[in-house]
Amino acid sequence: MYTTWGLDSKQSRKDMGSDAKDLVKHTKLFIDGRFVDAVSGKTFSTFNPSNSECIAQVAEGDAADVDLAVRAAREAFDHGPWPRLAAAERGRILYKFADVIEEHLDELATLETLNNGMLIDLSKGIIAGSVASLRYNAGWADKLNGKTLRTDSTRMCYTLLEPIGVVGAIVPWNFPAYLFLNKVGSALTCGNTIVVKVAEQTPLTGLLLASLSQEAGIPPGVLNVIPGYGPTAGAAISKHMRVDKVTFTGSTEVGRMIMESAARSNLKPVTLELGGKSPFIICEDADLDSAVAVSQDAIFMHQGQVCVAASRVFVHESIHDEFIKRSVKLASERVIGDPFQSGVQNGPQINQEQLDRVLSYIESGKKEGASLLVGGKRIGEKGFYIQPTIFGDVKQSMKIASEEIFGPVLSVLKFKTLDEVVELANSTHYGLAAAVFSKNIDTVNLLTRSIKSGVVYVNSYLGDGPAVPFGGYKMSGIGRENGYEGLLPYLQHKSILMPMENSPWN
């Protein structure tokens, strides 16, 4: 039961984490094209979740530093070259940025795994996907056009899509590089400038990306990066009067605070990609082998620290027991350990706080009467490792089935009819993602149209690609990211009307 690798001091291995520390080149704030100390002179420690050891001291930005970064971004937008470049030239520079990142892919992935605990192969795949996303956005730079419209008078009308201005972005710790580049790519493609607050848990890849942006030729002030804490640096961005838009990925609780600050300041628009409690529905005619395997990846990938983690699996009563049997066996065979080691399937949680949070939910599940089928315990004392965990006999009213855990904890629920599973799937404040496993096209159509989620996967999970709009219903957020729809929130829509005398047609 459970194979661990690299967690036993008797196991002989190379300490990749120690070697990776040599890649830490940038620990200061990046403002107006320069790396600088925080105004306060403060720093904070950033850690390796694999072994709990400090990696580096990083400059701690707060409101004063955010103000300097916003001033630089404002100057770059109001008077600098970026929004005034030919759109195709902006696209060319962003393509160059993608090329530079690709050249440093291994370095970035190693740094991501060191600071985040993400499996090294996953880190490489995510960085490669980030490059693809940046290139996708860059391709839109000279294709974001307005329209010519007919009016009910003799006036002509056309619309413009204009950059919104200075964007404030607040990036979480679970996919630092991807979400950094997703937001930066969208904002810069549209001609904006940006201030990014990177998560205090994982600041290192964002700072390296800031350095690489200089190699690509992105002008000073266009991209600014502030490591710091949410209540100080993050709050300063969301309430700053000279920030024109805020984009945030993270918890629903913090999303509420950002939305309130945005409204109380200059009523700036917000894009919020927030929490989830995604339902994974397995019908009686599903390919059970596929459903079991995919459902495990859907919850245990990145130790469950994924906004779309499919933490609620609804299984038809006719195949429920067999699903449980196969799932428990597969979960118990997962390899847990050093994320730098090949073959490891589960690495650490991000920190002690998250470890304690997950363990508290596991205790809650047991107290509320769910059956702990496998896992449920911490592994070792060094690093933040938890056994992949599955609960059976779960009721929708239990905390483990209704609240976002953000850890490797799967709740299995039983259903009898499609009407019943639709009601159960929608019995949540969230609506980010869902999955339907069935071979019946009528069943698929019914469920995909009935579930209140921003994205529904059929007989699959994850792997969206940069063209697919992503966002949630209900308390899972506001707006969409990715695709053409993800660029529109970074643009202002302006209508221009003018008289048109003696037109031969109207």
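**Reading helix packing and a sheet**

A: In this predicted model, the axes of helix 6 (residues 176–189) and helix 7 (residues 204–216) come within 8 Å and cross at roughly 45°. Two packed helices are described by the angle between their axes and by the distance between those axes.

Q: Why are helix 6 and helix 7 called oblique to each other?

A: Angles under 35 degrees count as roughly parallel and 65 to 115 as roughly perpendicular. The crossing is at roughly 45°, and helix 6 and helix 7 are therefore oblique to each other. Helix 6 passes helix 7 in a right-handed crossing.

Q: Which residues make the contact?

A: Helix 6 contributes Pro176, Ala177, Phe180 and Leu181, while helix 7 contributes Thr205, Gly206 and Leu209. Sorted by class, this contact has 5 nonpolar residues, 2 polar residues and no charged residues.

Q: What is the strand order of the open sheet?

A: The sheet has 7 strands in the order 16-19-20-14-13-21-22, and its pairing is mixed. Strand 16 (371–374) and strand 22 (455–458) are the edge strands, each pairing on one side only. From one strand to the next, the twist averages 25°.

Q: In which sense do strand 16 and strand 19 pair?

A: Strand 16 and strand 19 (residues 389–392) are antiparallel, joined over 3 bridges. Leu372 stands opposite Phe391 in strand 19.

Q: Which strands does helix 10 touch?

A: Helix 10 (residues 288–300) packs on the sheet and touches strands 13, 14, 19, 20 and 21. The direction of helix 10 makes about 175° with that of strand 13.

How values were computed:
Residues numbered from 1 in each chain as written. Predicted model: local features only at pLDDT ≥ 70, side-chain atom pairs only at ≥ 80, totals over all residues. Heavy atoms only, no water. Axes fitted to C-alpha atoms, helices over the stretch in contact; angles between N-to-C directions. Helix = DSSP H or I, 4+ residues; strand = E, 2+ residues; numbered from the N terminus. Parallel < 35°, antiparallel > 145°, perpendicular 65-115°, else oblique. Left-handed = near helix turned anticlockwise from the far one by under 90°. Contact = heavy atoms within 4.5 Å. Nonpolar A, V, L, I, M, F, W, Y, C, P; charged D, E, K, R; others polar. Pairing = 2+ DSSP bridges.
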